[in-house]
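Work through the exercises below with the sequence and the model open. Try each task before you read its solution.

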Amino acid sequence: MENGTLSFKYQLEKKEPRSGPGGITRGASVHEFPVSTGIAGVSMRLEPGAMRELHWHANAAEWAYVLTGHCRTTIIHPDGSSYIDTFGPGDTWYFPKGYGHSIQGIGPGECHFILIFDNGDFSEDHTFSITDFIRSVPREIAAQNLGISLEEVDQLPKKEVYFAQGEVPDDASVFSAQRSVPELTSRHRYPLDAQQPRRVPGGGTQKLVTSAEFPISTTMSGSIIELQPGALREMHWHPNADEWQYYISGRAEMTVFLAEGKAVTEQFESGDVGYVPMGAGHYIKNTGVEVCRVLIGFNSGHYEAIDLSEWLAKNPDVLLQGNFGIGKGLVEKLPAQKLFIKPE
């Protein structure tokens, strides 16, 4: 809330981070960003070898997009199957709610990725770490379960590790037992930036991944929008999902329309997060001098949008004349087809 007005903007990268050996993280749930009731997000960075320890989320699935660097993930399914994948810039992953997983930076350099969760109430209170689990049960139980002595149990961490610094993994040995060459697309990995974009000449592009392209991602979809200077992602809304935005580069303006004459307009820059409730009308306009690049997550595996231009174009002219109280000449100037992105 700013001056009593609901804010649809959160300056995520200006938040004080949580840090540990080789890693830092910044998060925004509904507790820090009150309008974001349906989706939460995290910006995380891992140095080579550093890992987000083995853990699982009780109340949310996890969708990720890698901005820079490379990392490796592991995941276990309830049926006992497990998967190991490597990710680079532009790749996405999806882990269902409750599935145990880990993330490790593999270098060279830092790996920076954005995590998006399909529950605005996601928080570390609903994240369960393996070290925390083991240290929370009686020593005798841990010893029996792990097949080690009580003295060896005492060598394990006395508290949640969260971030740990390890060695950079040898992917050649990791993959030799599973496959000779890592796959471009796998059960948990989709290379979004390798996709051919939807292009509007002079306006911008969109790359989109849904459950149709990435079957395991049943509860979330993701998109990368690039807007040329002055270009407008036209007025539209999503009937089936909330929208969570991470501004990767450039500057932009967004208005969120809340009905009954209520609307909030805000300015965004790199590192900011935006949010749009399901069904709320909005647009994104590039207000800077460089390309504006935005990562967008939706809490539905199916992407749906209704664009203003297409809606107008699909109605009879006479209806538009009556609706707006205007003449036929002005109606004929309105969009006759879907614009999606409108160049300046």
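**Exercise 1.** Is Phe117 buried or exposed?

Solution. This is a predicted model: local features need pLDDT of at least 70, side-chain atom pairs count only at pLDDT 80 or more, and totals for chains, interfaces and linings use all residues. Residues are numbered from 1 along each chain as its sequence is written, and side-chain values use heavy atoms, without hydrogens and water. Take the cut-offs: buried is under 20% relative accessible area, exposed is over 50%, partly exposed lies in between (1.4 Å probe, protein chains only). Phe117 has 1% relative accessibility, so Phe117 counts as buried. Phe122, at 5%, is buried too.

**Exercise 2.** Classify the ring pair Phe33 and Tyr275.

Solution. Rings of Phe, Tyr and Trp (its six-membered ring) pair if their centres lie within 6.5 Å; planes under 30 degrees apart are stacked, over 60 edge-to-face, the rest tilted. This rule gives 13 aromatic pairs. Phe33 and Tyr275 have centres 6.4 Å apart and planes at 75 degrees: edge-to-face. Both residues are buried. Now compare Phe117 and Phe122: centres 3.7 Å apart, planes at 5 degrees, so this pair is stacked.

**Exercise 3.** Which ring does the charged end of Arg18 sit over?

Solution. The test: NZ of Lys or CZ of Arg within 6 Å of the ring centre and within 35 degrees of the ring normal. Arg18 sits over Tyr162, 3.7 Å from the ring centre. Arg198 lies over the face of Phe340, also at 3.7 Å from the centre.
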